[in-house]
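Visitor: Please show me the model, and then take me through it one question at a time.

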Amino acid sequence: MRFSTIFAAAAATGPIVASAAGQMGFALGNKKADGTCKESSDYTADFAALAKETGTKIVRIYAASDCDVAQNILPAAKTAGFKVILGIWPDTDESFQADKAAVVENAPKYKDQVYAITVGSESLYRGNFTGPELLSKIKDVKSAVGGGFKVGTADSWNKYADGTADAVIQSGSADILLCNAFSYWQGQVLANATGSFYDDMFQAFGHIQEKAGGTDKIELWVGETGWPTGGDKYQSAQPGVKQAATFYSQAVCGLVDWGFNVFFFEAFDESWKPKAIGEDGSVADETSWGAMTADRKPKYSLKC
């Protein structure tokens with residue numbers, strides 16, 4: 001789909017509204033290149049590299065208790081002037097209780113650093129919960145943290161667009177929703193990647209705003225998007241530095257320039273990661289999705 005067609009479609013949707021400039025953030029892993037857990041000093045170095053190369057001041061993490069990430073990242077964020085979206089992994093009761101406890105213990109000490117709390121990351125996409133079941137988890141966390149924090153979830157764009165998340169959207173309990181979309185994992189050629197990404201986002205955002213009853217009811221972010229610089233070709237999607245740089249400058253920076261908030265996946269390469277399985281069942285490398293290398297060197301220009 002052509003870029004101009006997407007722009008026209010966005011204008012026609014009506015409810016989608018953005019401000020003059022959006023925020024850019026980055027998904028941040030909690031492990032070093034060798035797979036061992038990061039410490040506070042590692043996050044300090046992460047923040048320094050991100051601030052220098054991208055200008056960002058916000059990151060998101062996925063499981064607050066894993067590697068004691070909430071305990072270790074929040075002091076570093078305070079020193080560096082960063083904000084963090086803390087994640088809770090609800091897919092097993094063990095992880096849910098551990099992550100919730102980590103958030104309850106650490107978030108109140110660093111209220112200025114905690115931008116929001118997400119309960120789940122593509123839990124609906126994986127089919128681990130229904131919308132009402134996930135809503136119950138979100139309400140549980142909101143009650144546990146006692147107010148003063150934005151709470152929501154992150155999921156694939158199509159689970160918002162197709163109504164799976166309607167119970168969450170219409171509940172009044174979700175303060176923030178993150179929508180993930182990867183043109184790469186849809187097997188798009190680079191020439192169509194920006195248009196495909198925008199189409200996904202406008203479908204998701206438009207549906208959310210319609211069901212929520214307005215443009216100001218729920219804060220919306222792109223929760224994940226990106227393009228790998230190495231690894232395996234996925235259908236028609238070709239990895240590479242040039243391809244990733246193009247997607248970053250056109251699709252990601254383009255949406256930020258329009259006033260939308262975007263988290264890029266991800267900040268740094270994670271060489272410890274196992275192979276990933278694509279939607280068509282094929283195995284794909286997920287170690288080269290970083291905007292920077294594992295030793296924090298940018299692969300291409302990261303300023304929008």
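Guide: One term comes before the rest: buried means under 20% relative accessible area, exposed over 50%, and partly exposed in between, with a 1.4 Å probe and protein chains only. This is a predicted model, where local features need pLDDT of at least 70 and side-chain atom pairs count only at pLDDT 80 or more, while totals for chains, interfaces and linings use all residues. Residues are numbered from 1 along each chain as its sequence is written, and side-chain values use heavy atoms, with hydrogens and water left out.

Visitor: What share of the 304 residues of the chain counts as buried?
Guide: The chain has 304 residues. The share of them that counts as buried is 55%.

Visitor: Which radius of gyration does the chain have?
Guide: The radius is taken over C-alpha atoms, and the globule rule is 2.2 Å times the number of residues to the power 0.38. For 304 residues a compact globule would come near 19 Å, and the chain agrees with this because its radius of gyration is 18 Å.

Visitor: Lys273 forms a salt bridge with Glu266; are the two residues buried or exposed?
Guide: A salt bridge is a side-chain nitrogen of Lys or Arg within 4 Å of a carboxyl oxygen of Asp or Glu. Between Lys273 and Glu266 the closest N and O atoms are 3.7 Å apart. Lys273 has 16% relative accessibility and therefore counts as buried. Glu266 and Lys273 are both buried.

Visitor: What is the N to O distance in the salt bridge of Glu270 and Lys273?
Guide: Glu270 counts as buried because its relative accessibility is 6%. Its side chain meets that of Lys273 in a salt bridge, and the N to O distance is 3.2 Å.

Visitor: Which residues do salt bridges with shared partners join into one network?
Guide: Lys38 and Asp46 form a salt bridge with closest N and O atoms 2.6 Å apart. Both Lys38 and Asp46 are buried. The network made by shared partners consists of Lys38, Asp46 and Arg296.

Visitor: How many salt bridges does a search of the whole structure find?
Guide: Those of Lys38 with Asp46 and of Lys273 with Glu266 have been named above. The search of the whole structure finds 13.

Visitor: What share of the contacts in the chain with a separation of 6 or more comes from residues 24 or more positions apart?
Guide: Contact means heavy atoms within 4.5 Å. For contacts with a separation of 6 or more, the share from residues 24 or more positions apart is 74%.
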